[in-house]
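The sequence and the model come next.

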Amino acid sequence: MAWITKQSGTMRIARREEPYFTPAMKREMTSKVLPRYETRLACTMPGLHLIQHEYGWVPAQAMEELAEFLGVSPAEVLDCASFYEEYWLKPKGKHLIGVCRSIACEFCGQPEVTEAIKAKLAIDVGETTEDGRFTLIELECLGACGGGPAMLVDETLHENVKPGVVGAILDSVKDDGHH
Amino acid sequence: MPPSLKAGKPILTARIPTFPYGKEQDRHTVSYDEYVKTGGYTALRKALSMAPEAVVDEVKKSQLRGRGGAGFPTGLKWTFLPKVAPGPDGKPGDPGQRYLAVNADESEPGTFKDRLLLDFDPHLQLEGIAIACYACRIKTAFIFIRGEYHHQTHITEKAIKEAYANGIFGGKGLLNGAKTATGEPWVVDCYVHRGAGAYICGEETGLLEALEGKRGWPRIKPPFPAVKGLFGKPTIINNVETLCHVPSIIEHGADWFSKQGCDSTVGGPPSWGTKLMGVSGHVNRPGVYECDLGIKLSTLVNDYCGGMRGGKKFKGAIAGGVSMGILGPDQFDAEMDFDIGRKYNVMGLGTACPTIFDEDTDMVAVARNIARFFKHESCGQCTPCREGSGWLYQLMCRIEEGQGKTKDLDLALEIATSMGIMPGTTICGLADGNNWALRTIMNKYRDEFEKRVKPSFIPVKMTIGAGAKG
């Protein structure tokens, strides 16, 4: 839910010495992103995507660093990051499993698929496995209604998922590469 | 064999093998070279030989209506941009910065038609963008792709790279700096902007806010985006499929376009052209098909999708994305065109992507699913929508669990009817979608809801008032 207020006023930020927003990322932003937009604020979303792609989530310190780089207030970056669901403001598992729960998928068998994943990973929706490998969420429409039930494992879309093949799909997920 | 297109061959899916004109397994992403070999970018060349106003006029004449859901005439939208005053030397004046925002934020449940175009024929969209930018004097185009479309983002980015390398975009101008009818080349830049999982960004002004790096809260109109849009500059927002229609309209002319589709039977503007229709749900062969507008839903299901799954009976269909409401069991023969809203008591054609339900479907569960979607995706800006969507979801859950009372049905209808821009309580149409979806389901399947609720009062055998007997 995009509009739920998240605690931020009293937020304590866990910090580390090494910056999250690296010089390489700054170079990429300067060369590719900044010239496209009229305002620096508009580069917030591409910047957040860059951070999330690297770390799998968006740490508060990274948001501060991005704000400083763009010359906008950290509150503006948090405002943007907390509105959009795809930005994770707390760490998630290495791999994200998003099961579509919208109209076509639900009535073509999504509840059984979710149950099968829950049983396989021994977690509930919204939880992360103990080894930190998988986080399971349910998403609204993935735009794959013709192939429902559909699920997204990291960046890969699986269509016509049957409860019986869930295990094989999850077993085939490799740990190398990006989040 | 399904009825073939009036044009004789597919238009939008000319390079994407689709039943009955090709086999799905032959699909592949069309590269720049293949696109050009199969006649790609010839429409752009033709457009550049025409005056920009003539291109707009041709699109206007074709009465192409937006394919993103609202069905607003595209050519008319283009004419809302401020007029460009001629320069002092009689040459075309400088329009200043203007933007084209391409809406590829396809998040309406049931809708998956733009994905097909993005997946397999990315250059068709780019050609449409190039023509639109030339016609509307636009220098920068942003393609707003939803965050969940990872694969489609990669494909579009690759296609844009190819287009830059081949002189379509950037550099000296469209088509390697080709001389245009205005005497000057026209330079266009095209970028991808990724969304991050918010349905509301499919609303045009919500999309602009997201492009500006803010939360995707729709803006109050007026001013309309064509006057004051992205970064306060004149902006045109078009759907992917709409732009994909533009090259063929320019190539073959508006008269040719008007031969596809159908005319209005209720005195409204015509529904010309073909439309991608993505059918999902309980049919044998769900998928995206290109059909003439005006095709009957039953024809679409029986001839294109191989009939209902398991030979079951048709119970209902979401008209075109959940916002549009539901077609009841007696509306299987509804014509899929822009008149559908006036004729069948749904909001409109929407994205023309029906979700079909068979006789075993629990319509209360359907209503609950839709209510949950809108509760989840309400952006929280306007109170009637933020609160109303939450209440509706709670009511639907209660009724589904058998805990509801008869008065809950009236309460739900009352909440639904009080939401939306049509009663004038919210900024954008999301609440209207919620309203129409739940109201049509509750009205068309009233008995199913009534069976699930307990009576709110105990009937007493007593008549009062004029009919009372002494």
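What volume does the largest cavity have? About 100 Å³. A cavity is a set of points, on a 1 Å grid over the protein atoms alone, where a 1.4 Å probe fits but cannot get out. Grid points are joined across faces, edges and corners, and a volume is the space filled by probe spheres set on the points.

Some ground rules apply. This is a predicted model, in which local features need pLDDT of at least 70 and side-chain atom pairs count only at pLDDT 80 or more, while totals for chains, interfaces and linings use all residues. Residues are numbered from 1 along each chain as its sequence is written, chains are lettered from A and ligands numbered from 1 in the order in which they are written, and side-chain values use heavy atoms, with hydrogens and water left out.

Return to the largest cavity. By class, the lining holds 5 nonpolar, 3 polar and 6 charged residues. Here Ala, Val, Leu, Ile, Met, Phe, Trp, Tyr, Cys and Pro count as nonpolar, Asp, Glu, Lys and Arg as charged, and the others, Gly among them, as polar. Helix 14 of chain B gives the most to this lining, with 3 residues. Helices (H or I, at least four residues) and strands (E, at least two) are DSSP runs, numbered from the N terminus.

The whole structure has 3 cavities of 30 Å³ or more.

Now the interface. Contact (heavy atoms within 4.5 Å) links 61 residues of chain B with 39 residues of chain A. The two chains bury about 4100 Å² between them, 56% of it on carbon and sulfur atoms. Buried area is the accessible area (1.4 Å probe) that two parts lose on being put together, summed over both. In chain B, Ala196(B), Arg215(B) and His376(B) lose the most area to chain A, together 15% of what that side buries.

Between the chains there are 6 salt bridges, each a side-chain nitrogen of Lys or Arg within 4 Å of a carboxyl oxygen of Asp or Glu. A salt bridge joins Glu106(A) to Arg368(B), at 2.8 Å from N to O. Several elements of chain B give two or more residues to the side that touches chain A, among them helix 7 (150-165), strand 3 (189-194) and helix 14 (363-377). Helix 14 of chain B supplies the largest share, 10 residues. By class, that side of chain B has 24 nonpolar, 21 polar and 16 charged residues.

One loop of chain B deserves a look. Pro222(B) lies between helix 9 and strand 4 (235-239). The peptide bond from Lys221(B) to Pro222(B) is cis, with omega near -5°. A cis bond also joins Pro222(B) and Pro223(B), with omega about 5°. Phe231(B) is found in the loop between helix 9 and strand 4 of chain B. Phi of Phe231(B) is near 50°, a positive value in a residue other than glycine.

Last, chain A. It has 7 helices and 4 strands, in the order α-α-α-α-β-α-α-β-β-β-α.

Notes
1 Å grid on protein atoms, 1.4 Å probe; cavity = no way out; pocket = protein on both sides within 12 Å on 5 of 7 lines; lining within 4 Å.
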